[in-house]
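These are comments for a colleague who will work with the coordinates, arranged as numbered points. Please read them alongside the structure shown here.

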Amino acid sequence: MKFDFCIGNPPYQLGRRQIYADFYRMAVDLEPKLLCMIFPIGWQKANNTNGLKQLNNEHYKRDNHIVSIDNYYEDGPDKIFPDVGTGGVNIILRNANHNNNGEIKKLEYGKEVGTTILPI
């Protein structure tokens, strides 16, 4: 099966396990032309608990096809989910035809603030 686009707001948690990592991993592995997902900011940290270990490797954290990560912090003025405590969310954009040369565009509230390299 081949997909051109994959857009999602996957479920974040099942019990104590962070299952959005499963959805992101599966979406990347499907190799769509464009992938855009929104999920908690926590995956950006080097975290090996609650299901996040599967993203802490070169394939996902240093993916040359990630165009940008747009962060929306929970305590910010533009809170996306007013009645849900997420610790903040990010919108990740991945383009199969893009090469970020190791530097991912970092945005905050839709405005570019620099570049980032995610810790493994």
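1. A salt bridge is taken here as a side-chain nitrogen of Lys or Arg lying within 4 Å of a carboxyl oxygen of Asp or Glu. By that criterion D63 forms a salt bridge with R94, the closest N and O atoms being 2.5 Å apart. The pair links distant parts of the chain, since D63 sits in the loop between α2 and β5 while R94 belongs to strand β6, 31 residues apart. Both D63 and R94 are buried. Please keep in mind that this is a predicted model, and that the distances quoted are computed from it.

2. Over the whole structure, a search finds four salt bridges.

3. With a relative accessible area of 33%, R62 is classed as partly exposed, given that the partly exposed class lies between the 20% limit for buried and the 50% limit for exposed.

4. Which residues of helix α1 are buried? In this helix, which runs over residues 20-29, they are Y20, A21, D22, Y24, A27 and V28. The cover over these buried residues includes the strands β1, β3 (17-18), β4 (34-40), β5 (66-72) and β6 (89-95), together with helix α2 (58-61). Following α1 comes E31, whose phi is positive, near 55°.

5. Strands β7 (residues 104-108) and β8 (residues 111-116) pair in the antiparallel sense over five bridges, and E108 stands opposite K111 in β8. The two strands form a hairpin with two residues between them, and Y109 in the turn has a positive phi of about 55°.

6. On the surface, M1, F3 and L30 form a nonpolar patch, with about 340 Å² of accessible area together. Of these residues, F3 is found in the segment before β1 (5-8), and F3 counts as partly exposed because its relative accessibility is 32%.

How values were computed
Residues numbered from 1 in each chain as written. Predicted model: local features only at pLDDT ≥ 70, side-chain atom pairs only at ≥ 80, totals over all residues. Heavy atoms only, no water. Patch = residues over 30% accessible without salt bridge, like charges linked within 9 Å, V, L, I, M, F, W, Y side chains within 5 Å. Areas by Shrake-Rupley, 256 points an atom, 1.4 Å probe, with all protein chains shown as cover. Helix = DSSP H or I, 4+ residues; strand = E, 2+ residues; numbered from the N terminus. Buried < 20%, exposed > 50% of the residue type's maximum accessible area, 1.4 Å probe, protein only. Pairing = 2+ DSSP bridges. Contact = heavy atoms within 4.5 Å.
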